[in-house]
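User: I would like to learn how to read a structure. Can we take it one feature at a time?

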Amino acid sequence: MGSPPDETHGVNEQDFDAFYAASVGRLIGQLYAMTGDLAEAQDVVQEAFARAWERRAELDLGGAPEAWVRTVAWRLAVSRWRRVRTALAFARRQGPPATVPPPEPHHVLLVEALRRIPEAQRRAVVLHHLCDLTVEQVAAEADCPVGTVKAHLSRGRTALARLLTDTELDPRTTTRLSEVRHD
Amino acid sequence: MTDETGLKEHLTDLAASGVRLTTPLTAERVRARGEQRLRRKRAAVTGGGVLLVAVLAVGGLALTRTPRASDPPAVLPAPTASAFVPPTPAPGEEYGSELGLVYGAVAEGDTVRVTVEQRGTGVVHTLILPRGTLVEVRQLAGGSPADVQLGDLVDRLAGGPRWMFAIDYDGEGRVQSLREAYWLGG
């Protein structure tokens, strides 16, 4: 989506709707893992799709539109966090936010652990392990060197393993899954 | 590097739960939102941008503490430098945003004057904005996201501090839009 708008190209309603229907749920799930906040994930993903439609003349469904939406949603989430971080204590004093169904206990554990690792590590872990991107693809999406991604993945996984120790998600007690190698 | 933590399955399970627990807007509504953004940008361009007049910026308590007539200050107070500086967009960002309580709205001809109490700093300042300034609302519109004009919200915002907004400033310090920070309650 780097080229200037061109009214003769772009995406029509039907194609956009199909793209939205096929990917919105998946992206909300991914942003949920990245942000640890389901309502926030839904908001930022929908906002990112709205921006994609706003720039439909530049949108190329044959390219990587899902990665573009995910990147925009992530940036929105991060900027929202930075804006409201100091206001969250105020919000808690004012009463509960909009009702969201309670997550499962083991999801709470995982979300809490994810929230406690740095944003960059969390994003790399989710892109690699949930979105199935290669290290090189993660580097491209996060706009950072491959070596940095590897470091983020290694540190992120180590930190998560430590944070989940002695919980029902303790990697020492849960079934080991397929190994992912990228060294 | 090796993943022996079961991380992929845990993350997949978490993401799937998120999908189950949400009901995304219809594509039609998302497109409508995109159209709103497009219209707003076009209006901003053709209108030369929404005028920002930061009339006065004072510290929060300074407005309410009136000196008693029998108790004049020992020294003449020095003029207070404005504590309000419009936020500037970060590199690559369209707008810089301020989070604050918006209240005390008064319609004045084609404009609306509102008071803003900035979150975090407590700085209070005044904005005079065109009645047609677009405001993204949710709770104020009964729970559904909508764009309304500031002039239509004067009655709702006329009272004391209650509604929190993100106020978007462009690179020249002009207010481009207000967004109800519904996630903070209200």
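**Reading the model**

Analyst: Start with confidence. Two residues are in contact if their C-beta atoms, placed from the backbone, lie within 7 Å. This is a predicted model, in which local features need pLDDT of at least 70, side-chain atom pairs count only at pLDDT 80 or more, and totals for chains, interfaces and linings use all residues. Residues are numbered from 1 along each chain as its sequence is written, while chains are lettered from A and ligands numbered from 1 in the order in which they are written.

User: What is the mean pLDDT of chain B, and where is confidence lowest and highest?

Analyst: The mean is 74. In chain B, 69% of the residues reach 70 or more. Confidence is lowest in strand 1 (residues 54–59) of chain B, with a mean of 40. It is highest in helix 3 (residues 154–157) of chain B, at 93. For the complex, the predictor gives an ipTM of 0.77 and a pTM of 0.58.

User: How many helices and strands does chain A have?

Analyst: First, the rule. Helices (H or I, at least four residues) and strands (E, at least two) are DSSP runs, numbered from the N terminus. Chain A has 8 helices and 0 strands. Its elements run α-α-α-α-α-α-α-α from the N terminus on.

User: And what pattern does chain B follow?

Analyst: Along the sequence, chain B reads α-α-β-β-β-β-β-β-α-β-β. That comes from 3 helices and 8 strands.

User: How do I read burial?

Analyst: Count neighbours. A residue is buried if 20 or more other C-beta atoms lie within 10 Å of its own, exposed if 12 or fewer, and partly exposed in between; C-beta atoms are placed from the backbone. In chain A, buried residues make up 40% of the 183 residues. In chain B, 31% of the 186 residues count as buried.

User: Why is helix 2 of chain A called largely enclosed?

Analyst: Because 16 of its 17 residues are buried, helix 2 of chain A is largely enclosed by the rest of the structure. The expected span is 1.5 Å times one less than the number of residues. For helix 2 (residues 38–54) of chain A, that should be 24 Å, and the end C-alpha atoms are 24 Å apart, which agrees.

User: At what angle do helix 1 and helix 6 of chain A pack?

Analyst: Axes are lines fitted to C-alpha atoms, for helices over the stretch in contact, and angles run from 0 to 180 degrees between N-to-C directions. Helix 1 (residues 13–35) and helix 6 (residues 119–130) of chain A pack at about 145 degrees, with axes 9 Å apart. Where they meet, Q30(A), A33(A) and M34(A) in helix 1 face R122(A), R123(A), V126(A) and L130(A) in helix 6 of chain A.

User: What should I look for in the loops?

Analyst: Look at phi. D132(A) has a phi near 60 degrees, a positive value in a residue other than glycine. D132(A) lies in the loop between helix 6 and helix 7 (135–142) of chain A. D132(A) is exposed, with 11 other C-beta atoms within 10 Å. Now take D143(A), whose phi is near 55 degrees, also positive in a residue other than glycine. D143(A) sits in the loop between helix 7 and helix 8 (146–163) of chain A. With 7 other C-beta atoms within 10 Å, D143(A) is exposed.

User: How many bridges join strand 3 and strand 4 of chain B?

Analyst: Two strands pair if DSSP finds at least two bridges between them. Here 7 bridges join strand 3 (residues 111–118) to strand 4 (residues 123–130) of chain B, and the two run antiparallel. R113(B) stands opposite I128(B) in strand 4. The two strands form a hairpin with 4 residues between them. In the turn, G120(B) has a positive phi of about 90 degrees.

User: Which residues is G171(B) in contact with, leaving aside its neighbours within four places in sequence?

Analyst: T88(B) and P89(B). G171(B) and T88(B) are 83 residues apart in sequence, yet 5.7 Å apart in space, C-alpha to C-alpha. G171(B) is in the loop between strand 7 (163–169) and strand 8 (175–180) of chain B. It counts as exposed, with 12 C-beta neighbours inside 10 Å.

Conventions: pLDDT = per-residue confidence, 0-100.
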